[in-house]
Structure formats: C-alpha cells, structure tokens
Amino acid sequence: MQPFSIPVQITLQGSHRRQGRATFSTAGKERYNDGDPPNVRKKMPSSAGEDRAMLLGFSMMAFSVPMFFLLGTTILKPFMLSTQREESNCTTIHTHIMDDWLDCAFTCGTDCHSQGKYPCLQVFVNLTHSGQKALLYYNEEAVQINSKCFYIPQCHRDRNDLLSSALDIKEFFDHKNGTPFSCFYSPDSQSEDVILIKKCDQMVVFHCLFWPSLTLLGGALIVCMVRLTQHLSLLCEKYSTRVGD
C-alpha cells in the first residue's frame with residue numbers, strides 16, 4: 001500500500017546513516033591504533049628498581065662535585081704552588097741542637113694562651129748525586145715555618161719532653177753512619193734545602209683526580225643505561241602491539 005512506503009524509506013535511510021557513522025568511528029580507532037594519537041606522548045615505563053638506579057646515578061654525580069672542590073683546594077692547589085722536587089739519596093754529615101731555643105705559642109684552655117720554647121734540631125746531609133751539602137727538613141711545611149730547624153714540634157710547657165723528642169731524632173740520624181736514604185731536592189732552586197718526606201706527590205694527585213672522575217662517570221653511565229633500557233622497553237612494546245594486530 002502507498003501510505004506505508006514513506007516511513008519504511010525513512011527508516012532505511014536512518015539505518016544507513018548510523019551504519020556510516022559506526023564505520024567512520026571504527027576506521028578512526030584503527031587509524032589511532034596503527035600510530036600514536038596526535039598530541040599524545042607515551043611515558044617511558046619505569047619500575048622501582050629503575051627509580052633507585054636513577055637516584056643513585058644522580059647522587060654519584062652530585063657527590064663528585066664537592067669532591068673535586070675539596071681535593072682541589074686542599075691538595076691540588078698546594079701541590080701546584082709548591083716547589084717541584086726530585087728524588088735523590090742523602091747521607092748524614094752531622095746533627096746538632098742549637099743552644100738558643102726558639103719561641104712558640106700554645107693554648108692551655110678556652111681563654112688561656114701561653115708562650116713556650118722548643119729546641120731547634122739541625123740535620124746536615126750530603127746529596128749523593130751532586131755532593132752538595134744541604135740542610136734537611138722534615139717536609140715542605142717545616143721549610144716555610146722555620147728555615148733553621150729540621151721540624152717544628154708541638155709546643156707545650158714540658159721542656160724535658162721536647163728535648164727528649166729532639167734527642168731521639170738526633171740519635172736516629174747519627175746511627176745512619178753514612179747509610180744513604182731517600183730525600184727530595186729542588187733542581188731549579190739555588191737554596192740548599194732538602195726535605196725528607198713529600199706531602200703531595202704525583203700518585204696523590206692522580207688519586208685526587210681519578211676517584212672524583214670515576215664517581216662522575218659512573219653516575220652518568222648508570223643514568224644513561226637506565227634511559228636506554230626504558231627506551232628499548234618502549235620500542236619492544238610498540239613492536240609487540242603491531243605484531244599482535
């Protein structure tokens with residue numbers, strides 16, 4: 001019959017429109033599944049172990065900075081400013097304690113400061129390689145503080161104890177009996193001073209640079225390895241998703 005033809009036609013057209021919208025929606029979802037949606041960045045997967053490793057890496061890099069500063073100011077800078085010395089052999093010529101004791105200062109309490117005296121021990125040695133007579137010092141600090149004495153003892157009131165310590169050191173060098181021992185001299189300096197112990201040498205400088213650098217590079221390597229692992233994991237997840245589709 002004619003009256004029922006128009007409603008049937010409208011119903012069919014409505015069903016075609018709904019089917020078209022469903023097809024368009026499905027195609028859009030498939031298009032997003034094949035590639036990343038616009039303006040959406042996937043976050044790299046992270047675990048508790050990776051977070052701890054990242055924290056360790058950044059902590060190592062941060063810790064290396066004060067290490068460089070501390071070792072640089074306490075060891076490297078004095079080494080660069082100090083006189084460069086070479087190793088040689090020395091033999092003892094004679095030792096003696098000066099008659100005039102030298103003045104020193106010490107603290108005896110919170111607000112107590114007192115004056116004292118200490119014996120000045122002099123040790124004269126002979127440089128084996130040149131035959132030059134020189135005055136021996138314990139280290140570089142002894143040369144800078146007092147250029148007359150072998151060492152600077154800790155100042156206090158007990159004069160007998162200070163004298164006993166100086167006599168023990170004097171006896172030690174007297175018993176060398178011409179036996180050569182290691183010492184350090186300055187080839188570029190005209191001053192006749194030789195030291196017994198170097199506070200800083202090339203090996204100490206090497207360790208001051210090696211360990212902070214190793215800490216810095218180790219921390220950076222840990223961070224890079226964690227980032228690389230996260231990136232590879234993300235690529236593997238994308239590849240497995242595409243293969244499954």
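Cys 120 and Cys 149 are joined by a disulfide in this predicted model, with their sulfur atoms 1.9 Å apart. Cys 120 sits in the loop between E3 and strand E4 (121-127), while Cys 149 belongs to the loop between H3 and H4, so the bond ties together parts that are 29 residues apart in sequence. The torsion about the S-S bond is -120°, and the link of Cys 120 and Cys 149 is left-handed. Cys 120 is buried, and Cys 149 is buried as well.

The count of disulfides in the structure comes to 3. A disulfide is a covalent bond between the sulfur atoms of two cysteines. Another of these bonds connects Cys 104 with Cys 155, again with a sulfur separation of 1.9 Å. Here the angle about the S-S bond is 60°, which goes with a right-handed link between Cys 104 and Cys 155. This pair bridges distant parts of the chain: Cys 104 is in strand E2, Cys 155 is in the loop between helix H3 (140-145) and H4, and 51 residues separate them. Cys 104 has a relative accessible area of 12% and is therefore buried. Cys 155 is likewise buried, because its relative accessible area is 12%, and the cut-off for a buried residue is under 20%.

There is also a disulfide between Cys 90 and Cys 183, with an S to S distance of 1.9 Å. The torsion about the S-S bond of Cys 90 and Cys 183 is about 80°, so this disulfide is right-handed. It links distant parts of the chain, since Cys 90 lies in strand E1 (residues 86-97) and Cys 183 in strand E6 (residues 181-185), 93 residues apart. Both Cys 90 and Cys 183 are buried.

Attention may now turn to the charged side chains. The whole structure contains 2 salt bridges. One of them brings together the side chains of Lys 117 and Asp 103, at 2.5 Å from N to O. Lys 117 is part of strand E3 (residues 113-118) and Asp 103 is part of strand E2 (residues 102-107), so the contact ties together parts that are 14 residues apart in sequence. Lys 117 is partly exposed, because its relative accessibility is 34%. Asp 103, at 56% relative accessibility, counts as exposed.

A further salt bridge is formed by Lys 170 and Asp 174, whose closest N and O atoms are 3.1 Å apart. Both residues lie in helix H4 (residues 159-174), where they are 4 residues apart, about one turn of the helix. Asp 174 has a relative accessibility of 32% and therefore counts as partly exposed.

Methods:
Residues are numbered from 1 along each chain as its sequence is written. This is a predicted model: local features need pLDDT of at least 70, side-chain atom pairs count only at pLDDT 80 or more; totals for chains, interfaces and linings use all residues. Side-chain values use heavy atoms; hydrogens and water are left out. A salt bridge is a side-chain nitrogen of Lys or Arg within 4 Å of a carboxyl oxygen of Asp or Glu. Helices (H or I, at least four residues) and strands (E, at least two) are DSSP runs, numbered from the N terminus. Buried means under 20% relative accessible area, exposed over 50%, partly exposed in between (1.4 Å probe, protein chains only). A disulfide is a pair of cysteine sulfur atoms within 2.5 Å.
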